[in-house]
Amino acid sequence: MMFAACGGTAPKAPPPEPSLAIAPLTSIVPAAGLETLVVVEPKSLWSKTELRQALDALVPEDQVLAFATRHGSVDPRQLDEIAVATYARATLVLGRGVFEPARLEQAFTRLMLGIDGRQIDHAGDALTNITRTWGEVAGIGEPNRHEELATFGRTVVGWELDEPSTTPQLGPLRASELFARHKLAKARPALDAPPLDVVSATLGAAPIRVFFAGPFAGEWSTAMSGLLRAATAVGGSASSDGQGNLEITVAVFGAFGEKSPQAADRLAAFVEVIGESALGKLAGLDHPTASFQAKSTPDSASVHGRVNAVRLVQGLRAATGAQITEIMQQ
């Protein structure tokens with residue numbers, strides 16, 4: 001009353017805390033130095049009745065429960081998104097869902113040899129606070145690794161795993177934090193920057209997407225019948241057709257020009273060779289429910305087909321079961 005009577009004005013309220021830009025997760029995956037990116041929507045996939053048998057065979061219930069026990073009660077099947085990005089010396093894992101930050105930190109601490117630091121990188125409310133914890137984990141037959149965990153409010157968790165002997169520095173996880181806080185206005189995330197922006201636009205939305213950024217050198221340049229020698233990027237996607245099959249697309253991007261039809265034919269021939277291999281037959285690729293068809297543009301070569309989900313997953317499980325079990329035991 002007295003303040004108003006003296007002609008003063010009430011102090012301005014502080015601006016509201018901006019929400020974190022965390023959906024989709026690809027909006028906070030740094031493009032600089034990115035080599036590969038896998039984006040999966042587990043909750044969407046497990047909601048498909050026609051895919052449950054295949055998915056449960058790939059990731060058994062007992063392994064999921066054991067993983068949740070070790071990782072703060074996180075059931076990976078209930079996450080909206082998981083993104084795994086690899087860089088020259090680090091791997092970035094991001095998950096979006098509903099988390100209890102305290103439990104995640106406790107679980108992370110138990111996995112470490114010791115905690116080297118904990119820092120609130122952004123002091124906000126329960127939905128915008130970003131807290132980062134880091135330490136060392138024992139290497140098996142190699143030097144210890146530096147690892148960091150960051151919780152973005154209650155909806156995103158990030159985990160960075162650095163290669164042995166890597167000196168801790170500003171890595172992809174810190175860059176993800178800055179993207180989430182709208183602090184990298186002049187930079188673009190992975191799928192909004194070349195060469196993966198074109199790949200993402202071509203593949204469109206899908207619950208499973210895989211991206212490989214070129215150029216491809218060394219042994220990689222001879223892969224896929226030599227197509228990678230002139231490729232700038234490769235992408236693939238998979239989604240349910242609602243009838244127990246997975247719609248599969250594989251695309252290679254490059255300046256093929258007038259030779260793009262031949263590039264598409266070579267890609268189709270490569271897929272056929274894979275289908276006739278032992279693994280391909282085990283996964284049902286030799287008898288797709290809809291034959292793979294080749295398409296081309298001056299800048300891309302692609303194939304699209306449909307395979308039985310159960311047979312495909314059985315083949316993947318047979319080929320990668322040990323790796324999947326190892327991942328779930330981390």
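**Salt bridges in the model**

Modeller: Arg 118 counts as exposed, with a relative accessibility of 52%. Please bear in mind that this is a predicted model.

Biologist: Which side chain does Arg 118 meet in a salt bridge?
Modeller: The partner is Glu 105, at 2.7 Å from N to O. Arg 118 belongs to strand E4 (residues 114-122) and Glu 105 to helix H5 (residues 101-111), so the bridge ties together parts 13 residues apart in sequence.

Biologist: And Glu 105, buried or exposed?
Modeller: Glu 105 is buried, because its relative accessible area of 13% falls under the 20% cut-off.

Biologist: How many salt bridges does the structure hold?
Modeller: The structure holds 15. One of them joins the side chains of Glu 61 and Arg 77, at 2.5 Å from N to O.

Biologist: Where do Glu 61 and Arg 77 lie?
Modeller: Glu 61 is in helix H4 (residues 61-70), while Arg 77 is in the loop between H4 and strand E2 (81-86), so this pair links parts 16 residues apart in sequence. Glu 61 is partly exposed at 43% relative accessibility, whereas Arg 77 is buried at 11%.

Biologist: What about Arg 145 and Glu 147?
Modeller: Their side chains form a salt bridge of 2.7 Å, N to O. Arg 145 and Glu 147 are both buried.

Conventions
Residues numbered from 1 in each chain as written. Predicted model: local features only at pLDDT ≥ 70, side-chain atom pairs only at ≥ 80, totals over all residues. Heavy atoms only, no water. Salt bridge = Lys/Arg side-chain N within 4 Å of Asp/Glu carboxyl O. Helix = DSSP H or I, 4+ residues; strand = E, 2+ residues; numbered from the N terminus. Buried < 20%, exposed > 50% of the residue type's maximum accessible area, 1.4 Å probe, protein only.
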